[in-house]
Amino acid sequence: MWQELLKQIQQGDTKALARSISLVENEKPGYETLLQSLPASTTKIIGITGPPGAGKSTLVDALIGLLINTGKKIAVLCVDPSSPFNHGAVLGDRIRMSDWYTHPNVYIRSLATRGSMGGLHPKIIEITDLLKAFQFDHIIIETVGVGQSEVEIAGLADVTVVVVVPEAGDEVQTMKAGLMEIADVFVVNKADRPDADIFVRNLRSMLAPSFSKTYNEVPVIKTVASQKEGISELSAIILDLLQKAQLNDKTFWLLAEKAYYLIEQKRMKDVSKAELKKEIEVCFKKGSFNLYKFIADK
Ligand SMILES: Nc1nc2c(ncn2[C@@H]2O[C@H](COP(=O)(O)OP(=O)(O)O)[C@@H](O)[C@H]2O)c(=O)[nH]1
Ligand SMILES: [Mg+2]
């Protein structure tokens, strides 16, 4: 079954792609074989992250509009951990990206995290790799940057775009260090707001070489996504960064990051807390229980 699916995916069958994503999401029999059969791919991932309401979906919508003009095939994965039941995210994104839902060269899929608070979707790495097998020209992943998830997206994307909005002038000062570290590009969206220029200036000075050497090349771009302003500049920068992201040290760090995450998941797969509790109880009642010895014997 998976052989047929893989063949269909490679031939550009979006229904087969959707089916294989469900297969992996639900860990249906054969999903591991399918994943292990995926051919090597060089498609790069564009990550777009930032707080809820910053205009990420609107921005992605505008970016699709630019990229599609050049005849490219594009996949978009929207991951919204703030909506465990998905409805909100799907509806909102569907309206915002409505132009593209029926376009033959665009594939949009929304995912919600299940169960966990925040963070990325548990199967995001695998789903991204399925998309890579389809041979899209660009894969865009939109995630909500809350808590740790913005750091996680950095381990997934070859180029990470952090979207922020101009707030009170000194908001930049309190911006989470996490966002600073992962951004390859900063987008100040909603630049139609009054304090946009002050905000951009503060952000730039914060990113200036005097602040830290590492950040001195992070571009800051002003956009008004709802008016499609600043999009071509952003797109040019992203394409340039993607070009530079060809096989370098970061490529292997990204793969190591993914391997680490997958190994961790695999290890924990057979561990059930309820089962542990039962075993501990038995051990404990035998007397002189030692937690470390218990773990070592596992
Ligand atoms: N004023 C203004 N509103 C915008 C801009 N970009 C997006 N919006 C609006 O901001 C709201 C949230 O946008 P959305 O793309 O869903 O944000 P997301 O949660 O980051 O994906 C929507 O009502 C958009 O129409 C912008 O540049 N200026
Ligand atoms: Mg969104």
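How many residues does helix 11 have, and how far does helix 11 reach from its first C-alpha to its last? Helix 11 covers residues 249-269, which makes 21 residues. Its reach is 30 Å, close to the 30 Å expected at 1.5 Å a residue. Now look at its surroundings. Helix 11 is hardly covered, and the count of buried residues among its 21 residues is 0.

Step back to the whole chain. This is a predicted model. The chain has 298 residues, and 34% of them count as buried. It holds 13 helices and 7 strands. Take the contacts in the chain with a separation of 6 or more: residues 24 or more positions apart account for 75% of them.

How far can each part be trusted? The mean pLDDT of the chain is 82. A value of 70 or more is reached by 81% of the residues. Over residues 83-89 the pLDDT is below 50. Even so, beyond near neighbours in sequence, that stretch has 13 contacts in the model.

Next come the strands. Start with strand 5, residues 159-164. Strand 5 is mostly covered, with 6 of its 6 residues buried. Val159, Val161 and Val163 point one way. Thr160, Val162 and Val164 point the other way.

Strand 5 has partners. Strand 1 pairs with strand 5 in the parallel sense over 4 bridges. In this pairing, threonine 49 stands opposite valine 162. Strand 6 also pairs with strand 5 in the parallel sense, over 4 bridges. Here valine 163 stands opposite valine 187, and the bridge partner of valine 164 is valine 188.

Move on to strand 6. Both of its faces are covered. Val185 and Val187 are buried on one side, and Phe186 and Val188 are buried on the other. Strand 6 pairs with strand 7 as well, in the parallel sense over 3 bridges. Valine 188 turns up again in this pairing: in strand 7, its bridge partner is lysine 222.

Helix 10 shows a contrast between two sides. Check its length before its sides. At 1.5 Å a residue, the 14 residues of helix 10 (residues 231-244) should span 20 Å; the end C-alpha atoms are 20 Å apart, so the two agree. The buried residues of helix 10 are Ile231, Leu234 and Ile238. They cover an arc of only 65° around the axis, so they lie on the same side of helix 10. What covers the buried residues? The cover includes strand 1 (45-50), helix 4 (56-68), strand 5, strand 6 and strand 7 (220-222).

Helix 4 also matters for the next stop, ligand 1. Around ligand 1 there are 15 residues. The closest are Gly55, Lys56, Ser57, Thr58 and Ala225. Helix 4 and helix 5 are the elements that give two or more residues to this shell. Helix 4 gives the most, with 3 residues.

Now go to the start of the chain. Tryptophan 2 lies in helix 1 (residues 2-10). Tryptophan 2 has 18 C-beta neighbours inside 10 Å, so it counts as partly exposed. Leaving aside neighbours within four places in sequence, tryptophan 2 is in contact with Gly30, Thr33, Leu34 and Ser37. Leucine 23 is 21 residues away from tryptophan 2 in sequence, and the two C-alpha atoms are 9.6 Å apart in space.

Most residues other than glycine have a negative phi. Glutamate 27 is not a glycine, yet its phi is positive, at about 50°. Glutamate 27 lies in the loop between helix 2 (14-25) and helix 3 (31-36). With 13 C-beta neighbours inside 10 Å, glutamate 27 counts as partly exposed. Glutamine 135 is not a glycine either, and has a positive phi of about 65°. Glutamine 135 lies in the loop between helix 6 (124-133) and strand 4 (138-144). Glutamine 135 is partly exposed, with 15 other C-beta atoms within 10 Å.

Technical notes:
Residues are numbered from 1 along each chain as its sequence is written. Chains are lettered from A and ligands numbered from 1 in the order in which they are written. This is a predicted model: local features need pLDDT of at least 70, side-chain atom pairs count only at pLDDT 80 or more; totals for chains, interfaces and linings use all residues. The expected span of a helix is 1.5 Å times one less than its number of residues. A residue is buried if 20 or more other C-beta atoms lie within 10 Å of its own, exposed if 12 or fewer, and partly exposed in between; C-beta atoms are placed from the backbone. The arc is that of the directions from the helix axis to the C-beta atoms. Two residues are in contact if their C-beta atoms, placed from the backbone, lie within 7 Å. Two strands pair if DSSP finds at least two bridges between them. pLDDT is the predictor's confidence in each residue, from 0 to 100. A residue is near a molecule or strand if its C-beta atom, placed from the backbone, lies within 6 Å of it.
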